[in-house]
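Work through the exercises below with the model open beside you. Try each task before reading its solution.

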Amino acid sequence: QLQAFGGGLVQAGGSLRLSCAASGRTFMYLHMAWFRQAPGKEREFVAGFSWSGSGTYYTNSVKGRFTISRDNVKNTVFLQMNSLKPEDTAVYYCAADPVRAGIHSTYDYWGQGTLVTVSS
């Protein structure tokens, strides 16, 4: 089970940190990712990494601004979002997969979304 939180309203240029708490599986062996879905658009991959740390992935629009990290003791994955832009406004979802890491949409486990709104 995944539970995402930390969304909210922020002005453009501001920062937010999203958290995703995992339970029910061996968290440290799960590939983790964040996705987002803006109003009227399809869900898109934002950031992710393999459980071993051998691969970290970002969509081009967030490179240099967002950072994904994890705390295996707390079974939590984070998404630090800096220099936020209005186009980052979306519902953000965390996802996990025991087999495949990287940029794909077939993650096995999904959390509920948390809304991020960036005002101009």
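**Exercise 1. Aromatic pairs**

Task: How many aromatic pairs does a search of the whole structure find? Then describe the pair formed by Tyr29 and Trp51.

Solution. 
Step 1. The search of the whole structure gives five aromatic pairs. Rings of Phe, Tyr and Trp (its six-membered ring) pair if their centres lie within 6.5 Å; planes under 30 degrees apart count as stacked, over 60 as edge-to-face and the rest as tilted.
Step 2. Tyr29 and Trp51 make an edge-to-face pair, with 4.9 Å centre to centre and 75° between the planes.
Step 3. Tyr29 is in the loop between S3 and strand S4 (31-37), and Trp51 is in the loop between S5 and S6, so the pair ties together parts 22 residues apart in sequence. Helices (H or I, at least four residues) and strands (E, at least two) are DSSP runs, numbered from the N terminus.
Step 4. Check accessibility. Tyr29 is partly exposed at 42% relative accessible area. Trp51 is partly exposed too, at 37%. Buried means under 20% relative accessible area, exposed over 50%, partly exposed in between (1.4 Å probe, protein chains only).

The model is predicted: local features need pLDDT of at least 70, side-chain atom pairs count only at pLDDT 80 or more, and totals for chains, interfaces and linings use all residues. Residues are numbered from 1 along each chain as its sequence is written, and side-chain values use heavy atoms, with hydrogens and water left out.

**Exercise 2. A pair and its cluster**

Task: Why is the pair of Phe35 and Tyr107 edge-to-face? Are Phe35 and Tyr107 buried or exposed?

Solution. 
Step 1. The ring centres of Phe35 and Tyr107 are 5.6 Å apart and the planes are at 75°, so the pair is edge-to-face.
Step 2. Phe35 is in strand S4 and Tyr107 in the loop between S9 and strand S10 (109-110), 72 residues apart, so this pair links distant parts of the chain.
Step 3. Phe35 is buried at 3% relative accessible area. Tyr107 is buried as well, at 4%.
Step 4. Widen the view: Phe35, Phe45, Tyr107 and Trp110 form one aromatic cluster.

**Exercise 3. The open sheet**

Task: What is the strand order of the open sheet of four strands? Which strands stand at the edges?

Solution. 
Step 1. The order is S1-S3-S8-S7, and the pairing is antiparallel.
Step 2. Strand S1 (2-5) and S7 are the edge strands; each has a single partner strand, so one side of each lacks a neighbour in the sheet.
Step 3. From one strand to the next, the twist averages 15°. Axes are lines fitted to C-alpha atoms, for helices over the stretch in contact, and angles run from 0 to 180 degrees between N-to-C directions.
Step 4. Go through the pairings. Two strands pair if DSSP finds at least two bridges between them.
- S1 and S3 are antiparallel, with four bridges; Leu2 is opposite Ala22 in S3.
- Strand S3 (residues 16-22) and S8 are antiparallel over six bridges; Ser19 has Phe78 in S8 as its bridge partner.
- Strand S7 (residues 66-71) and S8 are antiparallel, joined by six bridges; Asp71 is opposite Thr76 in S8.

Step 5. Look at strand S8 (residues 76-81): five of its six residues are buried.
Step 6. Return to Phe78. Arg17 lies over the face of this ring, 4.2 Å from the ring centre. A charge sits over a ring if NZ of Lys or CZ of Arg is within 6 Å of the ring centre and within 35 degrees of the ring normal.

**Exercise 4. The disulfide**

Task: Which residues does the disulfide join? Where do they lie?

Solution. 
Step 1. The structure holds one disulfide. A disulfide is a pair of cysteine sulfur atoms within 2.5 Å.
Step 2. Cys20 is joined to Cys94, S to S 2.1 Å.
Step 3. Cys20 is in strand S3 and Cys94 in strand S9 (residues 90-97), so the pair ties together parts 74 residues apart in sequence.
Step 4. The torsion about the S-S bond is about 60°, so the disulfide is right-handed.
Step 5. Cys20 and Cys94 are buried.

**Exercise 5. Positive phi**

Task: Where is Asn75 found, and where is Ser83?

Solution. 
Step 1. Most residues other than glycine have a negative phi.
Step 2. Asn75 is in the loop between S7 and S8. Its phi is positive, near 50°. The hairpin of S7 and S8 has four residues between the strands.
Step 3. Ser83 is in the loop between S8 and S9. Ser83 has a positive phi of about 50°.
Step 4. Asn75 is partly exposed at 24% relative accessibility. Ser83 is partly exposed at 41%.
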